[in-house]
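Please look over the sequence and the model first, and then follow the sections below.

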Amino acid sequence: MITKMTITNIHVLNQDSAYDFYVNKLGFRLVDDIPMGPESRWLTVSPPEQPDLQLVLFPVTVSKMFPKDVAETLISLIKNGIFGCGVLTCNDIFATYEELKAKGVEFIKAPTKEFYGTEALFKDDSGNYFSLQPLNNFGNENGI
């Protein structure tokens, strides 16, 4: 029986830029940065309080895995913010929003009280979007 997910990927347009974004702006920890041939590498990061979950910063480039037409389509979807998404949680959404905004994270929605709780939306450096929510957001009257 499956017990948990340990590794998943986020498609990125540039691994160096993605590394900078996830480590230096979001505060994720570098787990692995392993060369995988002349032009590729296995680059994984983890949220600081969830070390057993690794995110592969997986580049979309023309390759055996991504023929030219597929790579071009994926790149377009990522850049337009309609391919990748996820939900990240924090202890204080308002403080985290201010901290990330000061580091240059592009928010497309400031923290807003919604029917399901409080949420902010931001994009990574490739165009993938994420929902930022406080822990225990659902059903939490205060949203923090």
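## Cysteines

In this predicted model, the sulfur of Cys85 has its closest cysteine sulfur in Cys90, and because the two are 17 Å apart, they are too far from each other for a bond. A disulfide is a covalent bond between the sulfur atoms of two cysteines. With the cut-off for a disulfide set at sulfur atoms within 2.5 Å, the count of disulfides comes to zero, and Cys90 accordingly takes part in no disulfide, the nearest cysteine sulfur being that of Cys85 at 17 Å.

The two residues can also be described by their surroundings. Cys85 is exposed, with a relative accessible area of 54%, whereas Cys90 counts as buried at 10% relative accessibility.

## The four-stranded sheet

Four strands form an open sheet in the order E1-E4-E3-E2, and the pairing within this sheet is mixed. Its edges are strand E1, residues 7–12, and strand E2, residues 29–35, each of which pairs on one side only. From one strand to the next, the twist averages 25 degrees.

Inside this order, strand E3, which covers residues 41–46, and strand E4, which covers residues 54–59, pair in the antiparallel sense over two bridges. Val45 stands opposite Leu55 in E4.

## Helix H1 against the sheet

Helix H1, made of residues 15–25, lies across E1, E2, E3 and E4, and it runs at about 15 degrees to E3. Which residues of H1 are buried? They are Gln15, Ala18, Phe21, Tyr22 and Val23, and these buried residues pack against E1, E2, E3 and E4, as well as against E7 and E8.

At the N-terminal end, Asn14 caps H1, with a side-chain oxygen that lies 2.9 Å from the backbone nitrogen of Asp16. After the helix comes Gly27, whose phi is positive, near 85 degrees.

## Ser126 in its loop

Where is Ser126 placed? Ser126 belongs to the loop between strand E7, residues 117–123, and strand E8, residues 129–134. Ser126 counts as buried because its relative accessibility is 5%, which falls under the 20% that marks a buried residue.

The side chain of Ser126 reaches the backbone nitrogen of Leu13 at 2.9 Å. When its neighbours within four places in sequence are left aside, Ser126 is in contact with His11, Val12, Leu13 and Asn14, and also with Ile78 and Lys79.

## Salt bridges

In one of them, the side chains of Arg41 and Asp33 meet at 2.8 Å, N to O. Arg41 is partly exposed, with a relative accessible area of 22%, and Asp33 is also partly exposed, with a relative accessible area of 37%.

Another salt bridge brings together the side chains of Glu72 and Lys68 at 2.9 Å, N to O. Because Glu72 and Lys68 are four residues apart in helix H2, which spans residues 68–79, they are separated by about one helical turn. Glu72 is partly exposed, with a relative accessible area of 45%, while Lys68 is exposed, with a relative accessible area of 52%.

## A distant pair and a network

A further salt bridge joins the side chains of Glu106 and Lys123 at 3.6 Å, N to O. This pair links distant parts of the chain, since Glu106 lies in strand E6, residues 106–114, and Lys123 lies in strand E7, the two being 17 residues apart. Glu106 is partly exposed, with a relative accessible area of 44%, and Lys123 counts as partly exposed at 21% relative accessibility.

Salt bridges can also share partners, and in this way Asp16, Asp33 and Arg41 are joined into one network.

How values were computed. Residues numbered from 1 in each chain as written. Predicted model: local features only at pLDDT ≥ 70, side-chain atom pairs only at ≥ 80, totals over all residues. Heavy atoms only, no water. Pairing = 2+ DSSP bridges. Axes fitted to C-alpha atoms, helices over the stretch in contact; angles between N-to-C directions. Contact = heavy atoms within 4.5 Å. Buried < 20%, exposed > 50% of the residue type's maximum accessible area, 1.4 Å probe, protein only. Polar contact = N/O pair within 3.5 Å; in protein donor to acceptor, adjacent residues only side chain to side chain. Salt bridge = Lys/Arg side-chain N within 4 Å of Asp/Glu carboxyl O.
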